[in-house]
Structure formats: structure tokens, C-alpha cells
Amino acid sequence: MRLNYLILFHKNFDQLTLLIDKLSFENARFFVHVDGKYKMLPGEYQKLKDMKRTTVVKDQVDVKWGGFSLVKATLLLLKSALDVKGEDDDYFILLSAQDFPLKCNSAIYNYYLQNRNRIFMDNFTIPYSGWAMDGGLDRLRYYWFMDELVNEEAFRLYMAQKAVGMVRKQPALAYYGGSQWWSISRA
């Protein structure tokens with residue numbers, strides 16, 4: 001079993017390399033998406049390429065908080081990792097480059113060994129009492145332009161839609177939300 005760490009990186013290059021260094025062991029691989037806004041300093045890209053078992057995703061997405069661009073970057077990471085031959089019990093663990101392990105590699109690896117083929121993904125039905133904007137329903141009712149506009153402008157546009165009663169058509173489905181961060185097996 002291998003642990004495939006999928007890392008969304010947007011700032012603090014030294015922290016990224018420290019994260020990879022701390023999680024690095026023979027059964028770990030790393031896949032890094034570099035945010036399109038990040039300008040690599042001379043030598044940073046080569047340093048990443050030189051790190052053992054580390055792949056830098058070729059395509060870069062300019063990730064915007066709360067936008068679909070985050071999903072695009074995540075899918076690029078997952079595709080890059082799935083393109084590498086592996087076993088059904090391999091895990092794919094989505095991390096931010098701002099994360100840092102609280103346990104040693106053997107404890108992390110043993111945890112996944114003991115929980116083989118379990119999925120670790122937070123999810124719940126919408127509306128959800130822990131979310132603002134009518135429990136997340138407003139994310140579905142109104143258009144959000146987080147990738148096209150800055151946060152404040154996107155929020156003003158959302159409020160304007162709400163004020164005039166402009167609502168998107170929605171299929172009658174059960175909707176779910178959850179955390180961006182997860183661990184899933186290849187199977």
C-alpha cells in the first residue's frame with residue numbers, strides 16, 4: 001500500500017518542502033499542484049522535481065477561494081496520481097501545503113493499513129445548520145462568480161440577485177456538502 005499525498009500549494013515554498021520532507025518515506029508519493037498565481041523563484045521548480053517520489057502537475061490553475069477553480073486543481077492532482085500504476089489499497093490524501101503532520105509516518109501508515117479501503121470524506125445534506133447563507137442553499141439558488149471576480153464583488157453580485165429575487169433553476173435533487181479535504185482509496 002502506498003500513500004499518495006495530493007498537495008495544493010499556493011504560498012510558502014519552504015513550508016511545502018518541509019511538509020514533503022516530513023511525510024517522505026518509502027511508501028509515500030507526492031503530487032503537487034502549484035497555484036497559477038504563485039511565481040516560482042529561480043531553482044524552486046528544480047528543487048521540487050529533485051525531491052524523491054515527487055511529481056509536479058504540469059497544468060496550473062489560478063485557484064480562487066470558494067471557486068470551481070479549486071475543484072479543477074484537485075481533479076488535476078487526482079488524475080496525475082491515478083496515471084501512476086498502483087494497487088487497489090493505495091490511498092490518495094488531499095492536503096493543503098499549509099498542513100503539517102501531527103503524527104510520525106509509521107503511525108499515519110499503520111492507521112491507513114488498519115482502515116484499508118475506508119473512505120474518509122466528510123459529507124452532509126444541505127441545508128446544513130453549520131453553514132451560513134441558509135445552510136448552503138444560497139450556493140445553489142444564486143450564481144456565484146468566485147473564479148471571475150474578487151470575493152467582495154462576487155458577494156455583492158450574490159446580494160443583488162437575492163434582493164431582486166433572481167433565482168437559478170435547480171433540478172429536484174438531494175444536495176450534499178462537506179469538507180474539501182479527504183482520503184480515499186484507489187478502489
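The legends below describe close-up views of a predicted model.

**View 1. Helix 3 and the strands around it.**
Helix 3 runs over residues 68-82, and its 15 residues should span 21 Å at 1.5 Å a residue, a value that agrees with the 21 Å between its end C-alpha atoms. Within this helix, Ser69, Ala73, Thr74, Leu77, Leu78, Ser80 and Ala81 are buried. The buried residues of helix 3 pack against several strands, namely strand 1 (3-9), strand 2 (28-34), strand 3 (54-56), strand 4 (91-96) and strand 6 (176-185).

His33 is a residue of strand 2, and because its relative accessible area is 1%, under the 20% limit, His33 counts as buried. When its neighbours within four places in sequence are left aside, His33 is in contact with Ile7, Leu8, Phe9, Val57, Asp59, Gln60, Val61, Val63, Ala73, Leu76 and Leu77. Two of these partners, Ala73 and Leu77, are also listed among the buried residues of helix 3.

**View 2. The largest pocket and its lining.**
The largest pocket has a volume of about 1,700 Å³, and 46 residues line it, with Gly66, Gly67, Leu70, Arg139 and Gln180 lying nearest its centre. At least two lining residues come from each of strand 1, helix 3, strand 5 (120-125), helix 5 (132-135), helix 6 (138-141), helix 7 (151-164) and strand 6. Of the elements that contribute, strand 6 gives the most to this lining, with seven residues. Sorted by class, the lining of the largest pocket holds 24 nonpolar, 14 polar and eight charged residues.

**View 3. The second largest pocket.**
The second largest pocket holds about 410 Å³ of space, and of the 18 residues lining this pocket, Ile93, Leu95, Pro101, Ile108 and Tyr112 are the closest to its centre. Helix 1 (13-23), strand 4, helix 4 (105-114) and strand 6 each supply at least two residues of the lining, and helix 4 gives the most, with four residues. The lining of the second largest pocket is made up of 15 nonpolar residues, one polar residue and two charged residues.

**View 4. A salt bridge between two loops, Lys37 and Asp62.**
The side chains of Lys37 and Asp62 form a salt bridge with an N to O distance of 2.9 Å. Lys37 lies in the loop between strand 2 and helix 2 (44-50), and Asp62 lies in the loop between strand 3 and helix 3, so the pair ties together parts that are 25 residues apart in sequence. Lys37 is partly exposed, with a relative accessible area of 43%, and Asp62 is likewise partly exposed, with a relative accessible area of 35%.

Asp138 forms a salt bridge with Arg141, and the closest N and O atoms of the pair are 3.0 Å apart. Both residues lie in helix 6, where they are three residues apart, about one turn of the helix. An α-helix has 3.6 residues a turn, so residues three or four places apart point the same way. Asp138 counts as buried at 1% relative accessibility, whereas Arg141 is partly exposed, with a relative accessible area of 23%. Elsewhere in the model, salt bridges that share partners join Asp35, Lys37, Asp62 and Lys64 into one network.

**View 5. Tyr38 and its contacts.**
Tyr38 lies in the loop between strand 2 and helix 2, and with a relative accessible area of 17% this residue is buried. Leaving aside neighbours within four places in sequence, Tyr38 is in contact with Phe9, His10, Lys11, Phe13 and Glu44. From Tyr38 to Leu95 the separation is 57 residues in sequence and 17 Å in space, C-alpha to C-alpha.

Terms used
Residues numbered from 1 in each chain as written. Predicted model: local features only at pLDDT ≥ 70, side-chain atom pairs only at ≥ 80, totals over all residues. Heavy atoms only, no water. Expected span 1.5 Å × (residues − 1). Buried < 20%, exposed > 50% of the residue type's maximum accessible area, 1.4 Å probe, protein only. Contact = heavy atoms within 4.5 Å. 1 Å grid on protein atoms, 1.4 Å probe; cavity = no way out; pocket = protein on both sides within 12 Å on 5 of 7 lines; lining within 4 Å. Points joined across faces, edges and corners; volume = space filled by probe spheres on them. Nonpolar A, V, L, I, M, F, W, Y, C, P; charged D, E, K, R; others polar. Salt bridge = Lys/Arg side-chain N within 4 Å of Asp/Glu carboxyl O.
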